[in-house]
Amino acid sequence: MTQYLLSVHSSNADYDQPLELAQPRYEATEAFNQRIMAEGSWVFGGGLLKAEHAKTVDASGDAPLISDGPYAEVKEHLGGFWVIEAPDLDAALKLAGEASKACGAKVEVRPFEGGE
């Protein structure tokens, strides 16, 4: 089986929603998580704090440079992710569609190197 990264793209507005509006997405995402765990597709996953909590480390020069925030100024950022195992890309895309529906956001699918 190939491992895939399913990455959730979010904006600050997603984080700023009142709990009563976000709760159905949280519950649907947890139900999706439980199902793919039971099916054996789950490897790892998690949600992330807002991008303002990020640090970027650049050690490509003589000394590491650490800066606040994500590398690029963007409207969307990585909000969470799953690492799954799937028999092929079609199966991974199907799970990504279910993940997107559950969390209410776009989900990018990428195989890990050496997986395909």
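## Charges, fold and a pocket

Let's begin with charge: the chain carries 9 positive and 19 negative side chains, and the centres of these two sets lie 6 Å apart. Keep in mind as you explore that this is a predicted model. The points below walk you through the fold, the surface and the largest pocket.

**Fold**
- You can look for 3 helices and 6 strands in the secondary structure of the chain.
- Starting at the N terminus, the order of these elements is β-α-α-β-β-β-β-α-β.
- If you draw a box along the principal axes, the C-alpha atoms fill roughly 45 × 40 × 20 Å.
- Among contacts in the chain with a separation of 6 or more, 76% are between residues 24 or more positions apart.

- The chain has 116 residues, and 28% of them are buried.

**The largest pocket**
- The largest pocket holds about 490 Å³ of space.
- Its lining is made up of 20 residues, and the closest to the pocket centre are Tyr26, Thr29, Gly47, Gly79 and Cys103.
- Two helices, α1 (12-15) and α2 (19-39), each give at least two residues to the lining of this pocket.
- The strands β1 (2-10), β2 (42-47) and β5 (77-86) also supply at least two lining residues each.

Technical notes:
Residues are numbered from 1 along each chain as its sequence is written. This is a predicted model: local features need pLDDT of at least 70, side-chain atom pairs count only at pLDDT 80 or more; totals for chains, interfaces and linings use all residues. Side-chain values use heavy atoms; hydrogens and water are left out. Helices (H or I, at least four residues) and strands (E, at least two) are DSSP runs, numbered from the N terminus. Buried means under 20% relative accessible area, exposed over 50%, partly exposed in between (1.4 Å probe, protein chains only). Contact means heavy atoms within 4.5 Å. Lys and Arg count as positive and Asp and Glu as negative; His and the chain ends are not counted. The place of a charge is taken as NZ of Lys, CZ of Arg, CG of Asp or CD of Glu. On a 1 Å grid over the protein atoms alone, a cavity is a set of points where a 1.4 Å probe fits but cannot get out, and a pocket is an open set with protein on both sides within 12 Å along at least five of seven lines; lining residues have an atom within 4 Å of a point. Grid points are joined across faces, edges and corners, and a volume is the space filled by probe spheres set on the points.
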